[in-house]
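Please walk through this model with the structure open beside the text.

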Amino acid sequence: MKKLSILGVTGSVGQQTVDTVRQYQDEMKVVCISAHRDIEQLARIANELQPEYVAITGTVAGTAELEAMLCYDAKVLSGKTALVDACTAGEPDMVALSVLGIAGLPAFEECLKKKIPVALSNKESLVCGGQVVRNMIDRTGTLVLPVDSEHSAIFQCLNNCYDVSEVSKLWITASGGPFLNWTKEQIDHAPLEKALRHPKWSMGQKITIDSASLANKGLEVIEAHFMYRMPVDRIKVLVHPQSLIHSMVEWKDGSVTAQLGPVDMRMPIQKALLYPQMFENPTIEPLDFYEISKLEFIKPDFERFPCLRLAYDAIETSTTAVYNTANEVAVDYFLRGRMEFYRIYEIIHESMQKFCGIRPQSVAEIMELDTDVRKYAQSMLADDSGGK
């Protein structure tokens, strides 16, 4: 039985990971779970799965409250090192890293150091970690399995490996988000409630806004660059509104391999958690090809969605960590109603220009850069609102 830790268990991917575990309780045993601040939900999941370790990573003050909610004897981890400590607690055979944002990077580094296989949905670990993390993966030989549907699809198209020696292009598909048919003027001044209405996927607020701006697709391009060691000019984005083809691999001989599947994150989660085995999943509805009327493919519009273009620039200028952090800050301000949608692009662009030329050589330096970029982006946004 595989011993599994789920870090970020209360988020969207984390909860769907729990759904997957429920289906395969004879195959997996959860030994540790973590959440940042949602103590009530963390306790509920813990009481169901009863892992030996439960970690609360965002507040030490909530430790006693969490302990009081647990109906069994668990070891509670808390404090600044709780997330990193949770990587090895219970000696897991695999860590499902579903933490949101750059906060997951030190945990990813710990897994690599200890050579613990990772089911990775925290794309920031590769986007921000960049070549530093890529070198660690190569040096340690740690198994890293993609959970994002697009990268899981590429992995499957490559016959469950990372060898792209015979590949001409990687095609990453995008639904187009809620603003697929909007004008640039409409997108620039889009209201929050419209940006949060994704036509296909049910996700957390931050990633839903990223999908609306196509920054999420930009992050996936960056992730593919480091995950598959693929030159940036050979990674293409294709808008596919039906979201049935999750990604494609174009081979040197001109043939194309595509991965299709339902719009359900539990499928790539299952593939990563149970790798290399494959099991039926009774909770996932298979595609009905008789009902699929058409498959559309549209070239992405960099003018209407400039955040996607910036992602390519970020790879070329080694500012991928800056891109991610500036976007995190900008999206947070937009979600709080403190700026208009078009400012997301501007904040990313100005931050990339400011920090271009800085080349972190370690995870610690990447985290320091994150702090500096965050302060700079926040200062620009504070100026927007008169320092409020």
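What is the strand order of the open sheet of seven strands? The order is 4-3-2-1-5-6-7, and the pairing is parallel. Strand 4 (75–78) and strand 7 (144–146) stand at the edges. Each has a single partner strand, so one side of each lacks a neighbour in the sheet. From one strand to the next, the twist averages 20°. Bear in mind throughout that this is a predicted model.

Strand 3 (residues 53–56) runs parallel to strand 4, and four bridges join them. Tyr53 has Lys75 in strand 4 as its bridge partner.

Strand 10 (residues 245–251) and strand 11 (residues 256–260) pair over five bridges in the antiparallel sense. Met248 stands opposite Ala258 of strand 11. Four residues lie between the two strands of this hairpin, and Gly254 takes a positive phi near 95°.

Now step back to the domains. The assignment for the protein chain gives domain 1 (2–146), domain 2 (148–309) and domain 3 (318–387). The centres of domain 1 and domain 2, taken over C-alpha atoms, are 25 Å apart. Their contact takes 31 residues from domain 1 and 35 residues from domain 2. About 2700 Å² is buried between these two domains, and carbon and sulfur atoms give 65% of that area. Tyr24, Lys123 and Pro146 supply 27% of the area that domain 1 buries against domain 2, more than any other three residues. Two salt bridges are found across this interface. Lys123 also forms a salt bridge with Asp148, with the closest N and O atoms 3.3 Å apart.

Next comes helix 13 (residues 306–316). Eight of its 11 residues are buried, so the helix is largely enclosed by the rest of the structure. Among the buried residues are Pro306, Leu310, Tyr312 and Ile315. What covers them? The cover on the buried residues of helix 13 includes helix 10 (205–213), helix 11 (215–227), strand 9 (235–239), helix 14 (320–335) and helix 15 (343–355). Just after helix 13, Ser318 takes a positive phi of about 55°.

Gln205 sits in helix 10. Leaving aside residues up to four places away in sequence, Gln205 touches Leu196 and Leu335. The C-alpha atoms of Gln205 and His225 are separated by 26 Å, at 20 residues apart along the chain.

Finally, follow the charged pairs. The structure holds 21 salt bridges. Lys113 pairs with Glu109, with the closest N and O atoms 3.8 Å apart. The two are four residues apart in helix 5 (residues 105–113), which puts about one helical turn between them. Lys113 is exposed, at 51% relative accessible area, whereas Glu109 is buried, at 18%. Lys114 and Glu110 also meet in a salt bridge, at 2.7 Å from N to O. Lys114 counts as partly exposed at 46%, and Glu110 as buried at 15%.

Arg374 forms a salt bridge with Glu328, the closest N and O atoms being 3.1 Å apart. Arg374 lies in helix 16 (residues 363–384) and Glu328 in helix 14, so the pair ties together parts 46 residues apart in sequence. Arg374 is partly exposed at 22% relative accessibility; Glu328 is buried at 15%. Elsewhere, salt bridges that share partners join Asp19, Arg22 and Glu48 into one network.

Terms used
Residues are numbered from 1 along each chain as its sequence is written. This is a predicted model: local features need pLDDT of at least 70, side-chain atom pairs count only at pLDDT 80 or more; totals for chains, interfaces and linings use all residues. Side-chain values use heavy atoms; hydrogens and water are left out. Two strands pair if DSSP finds at least two bridges between them. Axes are lines fitted to C-alpha atoms, for helices over the stretch in contact, and angles run from 0 to 180 degrees between N-to-C directions. Buried means under 20% relative accessible area, exposed over 50%, partly exposed in between (1.4 Å probe, protein chains only). Contact means heavy atoms within 4.5 Å. Domain bounds come from an automatic or database domain assignment. Buried area is the accessible area (1.4 Å probe) that two parts lose on being put together, summed over both. A salt bridge is a side-chain nitrogen of Lys or Arg within 4 Å of a carboxyl oxygen of Asp or Glu.
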